[in-house]
Amino acid sequence: MPLFADIVLPLAQPSYTFAIPDGMELTAGCAVAVQFGARKFYTGIVWCVHDRKPDFKRIKPIHRLLGPRPLVGSAQRALWEWIASYYMCSLGEVMRAALPSLMKPSADSPEHFADEEFHPRTETYFTLAAELCNEERLHELFEKLSRRAPKQYEALLEIAAASNGGGAPGGEVARRLLTADRTVLHALERKGCIIATEHERTTERGMAEFRLPELSGHQRAALDTLREEFKAGKTTALLHGVTSSGKTEIYIHLIAEVLARGGDVLLLVPEIALTAQLIERMERIFGSRVTPYHSRLTDLRRSENYLRLDRSEGGEFVVGVRSSIFLPLKRLQLIIVDEEHDASYKQSEPAPRYHARDCAVMMARLVGCRTLLGSATPSLETWVNARSGKYGQAVLRERYGDARPPRVVISDTLRAARRGERYAHFNKLLLDRLGEVLDRGEQAILFQNRRGFAPYVACTECGWTARCPQCNVTLTYHRAGERLVCHYCGHTGSVPAKCPSCKVTDVVPMGFGTEKIEEEIVRIFPEARVARLDRDTVTSERAFNAIVADFARRKTDILVGTQMITKGFDFEGVALVGVLNADNLLNNPDFRAAERAFQLLTQVAGRAGRRAVEGEVVIQSAEPGHPVLRQVVEGDYEAMAREQLAERQSFFYPPYARITTLTLRHRDPQLLRRGAVFLADRLRARFGKRLLGPMAPPVDRIRGEYLVGLLLKVESGASSVRARELLAVELKEFAAHPEYRYIVVIPNVDPQ
Ligand code: ADP
Ligand code: ZN
Ligand code: ZN
């Protein structure tokens, strides 16, 4: 028996060595409770067992083994290790993202570690007693009971029906599916009519025959192409299909194939909004095979799912958000990343700052599964990989059925203002279209990428603006409750009656958000039924579902919303989509601004006219000639891609370079500045011109701490492993520097 185990704790620390007590049988991946520090107990994951005595003196023994078998399998451990190394974080930080919270408690005493969290739940099942499998006997009993004990008769009928009509032996039915109460079931059990057993919950898998949608010719061709690409050995492929082309239908066919073979499938979807809709759509076809996994499940539900999947014999289908990449799918054969360009696949805070799409691509190599990336507007990184032949590729250029692409028009806000054709934040064109849509009884979506009433309040006299005392940003004005809210730290304040600076005039709301648009639209179209979908109205899943359901049932005419409405929404009645202001998307100071604006506007536009109704999209902008807007109007992804790639190449940005940002954080701005210059010099000595900075990030103070950034750009062809190693060495030295060691340094690899 090995004497020691290296254990990963859910902390930003390397793994620690503990002694294995006599008789405790451990293998890699097992969960254990250990004491760390003077009083704290944590769940840890055994990473390896060995006989190398560490050189510190007091080696603590492992307190307890949790659960009957390893919790983290070898494929998962390989993924954890890749993430820790690639994204420059500890295995413990990966553990925090990977395991459901009930499985990683920390506590002051060991009693808090309930072993049962690591055992799947059991429940009671009933079967008919063996002698009742004779039909004659069963009928006799039925007759007797129906006269003397009608409740028992009904219960027995229920069990007999659920267990194959009574004829075949062995049919089981779960207690929770029966309506009979406890005393009745007890009586039947005492008489020896039924037998109760207690065992792990089995899922009702249902059949392996699924009713699949019939594919159109184009869809079939795309499906065949994908199959060929995979067969030819491509581990990753891109399905590039315009919105509403039926990418989901193609996924369904691929998923059914894998499930029929007994393999597992993971379908990754972006955060929140569309998950509910998509899960429902999948359940209509795959029934109880679908296991949803997202942040709105309860903690208990999540660990139940985790344990069930861990013990599954295969044929599992998980639909989940980015963290589902960590689930223990033992027979994983296919990962689909829907809307692969979506930025929510990247976790930016806290560590691990991983990108689930890139992990999915990596998983294909680690476990030999296939990864399919789907999008109408692929990220440029993915598109370049597909064009170079590194990934396989299939393209869908037409919408499904008679749905035509929406007609996109750009409406010039400055020109409208000059002609007196602007009312509130609407050009006359958009209002005219809205009026027509309402007259015809159709629906409209209005998109504004800011929530709240107005981005900020300002004094018209001296220009004073209300800013967050903790962060270097303006506060957002929310009409409800007349509050000023910091969208970075949550600080809330009230609106000053007079300008605090010049004390001359009132401060007034400037700019506009969704709340303001909703108010204006209600004023302009008092008879229209208007709803708003943004983080302020979506306070819970129920609130979200209610708003969406009302819109789907056409109880609402106009839906005003933020990014939330851009993704995956599929409503038949939407004939018009209005974008209130494209300019703040186009003018973002980010190298991805144009790509993102194209993606977002194309996605929003895709919400219009998904069925027979011809859709129209009106985009308001002060720069109607902007090339990205032209590309959106023409639906010309390639033109956008080429233009942006040329720019990326000349300014040396992804996909031609790999970027890592370092954010340094400290309360003392002088110390921070000196530390940043010091670190930048050290890195420059190693990386030369590839290191940029120190520079001030867009928001240079958050929660009272100052921030400074460094940027490392390494050419894509160069060894990224080597670059990370060099960087890690420098960061380690910096963390031990006598003056600067209290400066927090946060590496972000491939920031989005
Ligand atoms: P995408 O995911 O590419 O945006 P969807 O898969 O959501 O497109 O398809 C758009 C609409 O067309 C959906 O309502 C879908 O049900 C319908 N559709 C697409 N392909 C088919 C098909 N082969 N049979 C029936 N309906 C289809
Ligand atoms: Zn703040
Ligand atoms: Zn003022």
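Guide: The account below takes up the cavities and their linings. The model is predicted, so local features require pLDDT of at least 70 and side-chain atom pairs pLDDT 80 or more, whereas totals for chains, interfaces and linings use all residues. Residues are numbered from 1 along each chain as written, chains are lettered from A and ligands numbered from 1 in written order, and side-chain values use heavy atoms, without hydrogens or water.

There are 4 cavities of 30 Å³ or more, a cavity being a set of points, on a 1 Å grid over the protein atoms alone, where a 1.4 Å probe fits but cannot get out. Strand 30 (657–666), strand 33 (705–715) and helix 21 (720–736) each supply at least two lining residues, and helix 21 gives the most, with 4. Helices (H or I, at least four residues) and strands (E, at least two) are DSSP runs numbered from the N terminus. By class, this lining holds 7 nonpolar, 2 polar and 3 charged residues; Ala, Val, Leu, Ile, Met, Phe, Trp, Tyr, Cys and Pro count as nonpolar, Asp, Glu, Lys and Arg as charged, and the others, Gly among them, as polar.

The second largest cavity contains about 50 Å³ of space. Its lining has no nonpolar residues, but 5 polar and 6 charged, among them His341, Arg357, Glu381 and Gln752. Helix 17 (residues 593–605) gives the most to this lining, with 3 residues.

Methods
1 Å grid on protein atoms, 1.4 Å probe; cavity = no way out; pocket = protein on both sides within 12 Å on 5 of 7 lines; lining within 4 Å. Points joined across faces, edges and corners; volume = space filled by probe spheres on them.
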